[in-house]
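Open the model in your viewer and keep the sequence panel beside it. The stops below say what to select next and what is there.

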Amino acid sequence: MEPTTSKDELPDHHCPVCGKQQRVFLRYPWYICNECLSLAEDGDGRRLKFGNTSASGGFCYNYPEEPELAAQICYSVICLIHRRPVLVTEARFGGVVAQPLPSSHVATKDKHGCVELTRRTIH
């Protein structure tokens, strides 16, 4: 028999970026609130927007200030919020979830579809 946890026994959750109290999701213990997610940017300071590719899922990102660029489909994105790295992915049942990136995680665009956007582009 699995132990049950009442809602009152769950720990408080606060957005790790702004500190605002949020609803607890045990699957995503350090998730970033949507308001802070809207501040996500690449290494050049261009804002990013994330979403699902269809009603059945899939994950993509684009640059809302550059609508002529097509949405890029991938598995996850490493980007910046307040110059700190975060990992943005599709949530389990759709939607998008962002969490702080552990400092031990080193990633670049790889065979698993993780796109790293924290570096500045040399023009």
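What order do the strands take in the open sheet of three strands? The order is 3-4-5, and the pairing is antiparallel. Select strand 3 (49-51) and strand 5 (72-73), which are the edge strands, each pairing on one side only. C60 has I73 in strand 5 as its bridge partner. Helices (H or I, at least four residues) and strands (E, at least two) are DSSP runs, numbered from the N terminus. Two strands pair if DSSP finds at least two bridges between them.

Before going further, note how the model is to be read. This is a predicted model, in which local features need pLDDT of at least 70, side-chain atom pairs count only at pLDDT 80 or more, and totals for chains, interfaces and linings use all residues. Residues are numbered from 1 along each chain as its sequence is written, and side-chain values use heavy atoms, with hydrogens and water left out.

**The whole chain**

Colour the chain by secondary structure. There are one helix and nine strands, in the pattern β-β-α-β-β-β-β-β-β-β along the sequence. Of the 123 residues, 33% count as buried; buried means under 20% relative accessible area, exposed over 50%, and partly exposed in between (1.4 Å probe, protein chains only). Among contacts between residues at least 6 apart in sequence, 40% join residues at least 24 apart, where contact means heavy atoms within 4.5 Å.

Select strand 6 (76-81). Strand 6 is largely enclosed by the rest of the structure, because six of its six residues are buried. Both faces are covered: S76, I78 and L80 are buried on one side, and V77, C79 and I81 on the other.

Now show strand 9 (residues 114-116), which runs parallel to strand 6 and is joined to it by three bridges. I78 has E116 as its bridge partner there. Show strand 7 (84-90) as well. Strand 7 and strand 6 pair in the antiparallel sense over six bridges, and L80 is the bridge partner of P85 in strand 7.

Move to the turn of this hairpin, which has two residues between the strands. H82 has a positive phi of about 50 degrees although it is not a glycine. R83, also in the loop between strand 6 and strand 7, has a positive phi near 65 degrees and is likewise a residue other than glycine. H82 is exposed, with a relative accessible area of 52%, and R83 is exposed at 74%.

**The core**

Where do you find the residues with the most contacts inside the largest nonpolar core? Select F50, Y61, V77, C79 and V88 within this core of 20 residues. Helix 1, strand 6 and strand 7 each give two or more residues to the core, and the largest share, three residues, comes from strand 6. A nonpolar core is a set of buried Ala, Val, Leu, Ile, Met, Phe, Trp, Tyr and Cys residues joined through side-chain atoms within 4.5 Å.

Centre on C79. Leaving out residues up to four places away in sequence, C79 touches A40, E41, L48, F50, R84, P85, V86, V88 and T118.

**Two loop residues**

Select V17, in the loop between strand 1 (13-14) and strand 2 (21-22). V17 is partly exposed, with a relative accessible area of 30%. Beyond its neighbours within four places in sequence, V17 is in contact with I32, C36, I81 and H82. V17 and Q99 are 82 residues apart in sequence and 9.6 Å apart in space, C-alpha to C-alpha.

Next select F93, in the loop between strand 7 and strand 8 (96-100). F93 counts as exposed, at 74% relative accessibility. From C-alpha to C-alpha, F93 and S56 are 8.8 Å apart in space, while 37 residues separate them in sequence.

**Last stop: the lining of the largest pocket**

Which residues line the largest pocket? Select Q22, F25, Y28, Y31, I32, C33, N34, L37, A91, V96, V97 and A98. On a 1 Å grid over the protein atoms alone, a pocket is an open set of points where a 1.4 Å probe fits, with protein on both sides within 12 Å along at least five of seven lines; lining residues have an atom within 4 Å of a point. Helix 1 (34-37) and strand 8 each supply at least two residues of the lining, and strand 8 gives the largest share, three residues. By class, the lining has ten nonpolar, two polar and no charged residues. Ala, Val, Leu, Ile, Met, Phe, Trp, Tyr, Cys and Pro count as nonpolar, Asp, Glu, Lys and Arg as charged, and the others, Gly among them, as polar.
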